[in-house]
Amino acid sequence: MVRVRFAPSPTGNLHIGGGRTALFNWLYARTKQGKFILRIEDTDKLRSKQEFVDEILNSLKWLGFDWDEIYYQSQHFETYHEFARKLLKKGKAYTERSLERDGEAIIFKVIPQKIKTNDLIRGEIEFDSQVIKDQVLIKSDGTPTYNFACVIDDVASDITHVIRGDDHISNTPKQVLLYEALGFKLPQFAHLPLIMGMEGGRLSKRTGATAISDYRAMGYLPQALVNYLLLLSWAPGENRERIDINEAIKLFDLSNINKTSATFDLKKLGWMNNQYLKDEDSEKLTDQIIPLLVEKKYIGEENFDKKYITSLVKLFQPRLSLVNDFPDWADFFFVDEVTIAPKAKEKYLNKDFSREFALFIERLDGLKSFDVVSIEEEFRSLVSGLGIEAKDLIHPIRVALTGKTVGPGLFEVVYYLGRERAKKRLRRFIK
RNA sequence: GACCCUGUCGUCUAGCCUGGUCUAGGACAAGAGCUUUUCAAGCUCUCGACACGGGUUCAAAUCCCGUCAGGGUCACCA
């Protein structure tokens, strides 16, 4: 059975690169109906923090990656020592006492040889152990080093496929040497290409947010982020961009993962998010948006009309690229005084519309049924009577009502604003 | 510096394994236009790439070699 693992160290948040590694491991496990093991690499006592463990677990859950087992390295220190002692006894390792440190380190002797590994993504890779120094297994403080613990744990957990970032390629020969010295069977290795920032080099804070939780906070949908990440070194074929995770499980295979590192492109992520936002359940989205509106003091914490807000969400859904854009885009539905953007005023409210606005108010007052269709009918009849084009009045009215030059269809805006509020906003421009 | 990995539109990629169907396909971005209402939505169109040089071959994006470029790793960090 396929058993894979994702092994973050809780010395920081789960970042985009880690999320992608988790994704491919999880996907592979689900594709092969194997197990996905989460291993917390908390051997560094000083830098490991519980809050990071929580953060990583939450991010993973948010992305939708459930794990079958969880394993903490800090609970297995005895095992590391046991195997280190074995190597010592076999003469494959030695101890060393340094002047600056207390305690004794256990160090692995590297014997000159050629090491060949067959990587599932890159093919055959050959190393010469001459370039590898003797490896510390147990540090003077008694904690294991990364490469040693990694090997012991992968064996302890029966890991069949080690799927990890490209940056671990040069750790592979060191680990292979340890597998051989301990007489363990080698797993299959698969090294994923790295994700780069827009300016080249690793994705870093300078290039934008790196933590998965940041993307969550900004208003990206997990499905969109996962879909985007998936496309960053894998393609479902048939020129498809959107792919549902369950479909990906059917189509995924390690063999068609790219070898080339990919640049993280926020614009495409934004487009992807919009694709998913369009189809997202409006009520669910509303639940996500309500706290944002509360925060802006657009609504109270208790008394608000959820149905009404849901209707507004529906209005903006097709054109929203971030959930968090909603409060700013739809602010005119929630504030008493709309602020008119100077540029908007200059573009569409640059002359006197007193007569037109007054006539429109009259039409609104005369409406027996205040609904989107009727509003539009009255408006059309008004402009044809005035002998002007619809757009000549639509834009000025939109700016007067919303303060913006862009937004949902005008008649929907009037309808959801309500007759009285619409009239009040128009009157401000009647001299 | 040493070792390792990688090079198709600005970006993500299809094609490469199993040479001809590739005057290289799609998506994002950009630009232009359309939409009896805006665009940050939708539709249409345009721009735009096989890193370079040498082989092999009737034929190379596809196979081989070299160069160059980018990236990664060289800790008692993980």
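Is phenylalanine 252 buried or exposed, going by its C-beta neighbours inside 10 Å? In this predicted model, phenylalanine 252 counts as buried because it has 22 such neighbours, and the cut-off for burial is 20 or more. Phenylalanine 252 sits in the loop between helix 8 (245-251) and strand 12. Beyond its neighbours within four places in sequence, this residue is in contact with Leu27, Tyr28 and Thr31.

Helix 1 comes next. This helix covers residues 16-31. With 16 residues at 1.5 Å a residue, helix 1 should span 22 Å. The end C-alpha atoms are 22 Å apart, which agrees. Helix 1 is mostly covered, with 15 of its 16 residues buried. Just after the helix, glutamine 33 adopts a positive phi of about 55°.

Helix 10 can be treated in the same terms. It runs over residues 282-295. Its 14 residues should span 20 Å at 1.5 Å a residue, and the distance of 20 Å between its end C-alpha atoms agrees. Helix 10 also bends, by about 30° at glutamine 288. A proline, proline 291, follows within four residues of that bend. Buried positions in helix 10 include Leu285, Thr286, Ile289 and Leu293. Helix 11 (306-316) and helix 12 (326-329) are among the elements that cover the buried residues of helix 10. After the helix comes lysine 297, with a positive phi near 65°.

Asparagine 239 is not a glycine either, yet its phi is positive, at about 60°. Glutamate 238 is exposed, because 6 other C-beta atoms lie within 10 Å. Asparagine 239 counts as exposed with 6 C-beta neighbours inside 10 Å. The cut-off for exposure is 12 or fewer.

At the level of domains, the assignment for chain A gives domain 1 (280-333) and domain 2 (342-427). Their C-alpha centres lie 23 Å apart. Domain 1 brings 6 residues to the contact and domain 2 brings 7 residues. On the side of domain 1 that touches domain 2, there are 5 nonpolar residues, 1 polar residue and no charged residues.

The last topic is RNA strand B. By class, the surface near RNA strand B holds 21 nonpolar, 20 polar and 20 charged residues. Two strands are named as sources of at least two residues each for this surface, strand 7 (123-128) and strand 12 (262-263). Helix 9 (266-279), helix 16 (390-402) and helix 17 (410-417) likewise each supply at least two. Helix 9 gives the most to the surface near RNA strand B, with 4 residues.

Notes:
Residues numbered from 1 in each chain as written. Chains lettered and ligands numbered in written order. Predicted model: local features only at pLDDT ≥ 70, side-chain atom pairs only at ≥ 80, totals over all residues. Domains from an automatic or database assignment. Contact = placed C-beta atoms within 7 Å. Nonpolar A, V, L, I, M, F, W, Y, C, P; charged D, E, K, R; others polar. Expected span 1.5 Å × (residues − 1). Bend = angle between axes of the 7 residues up to and from the residue.
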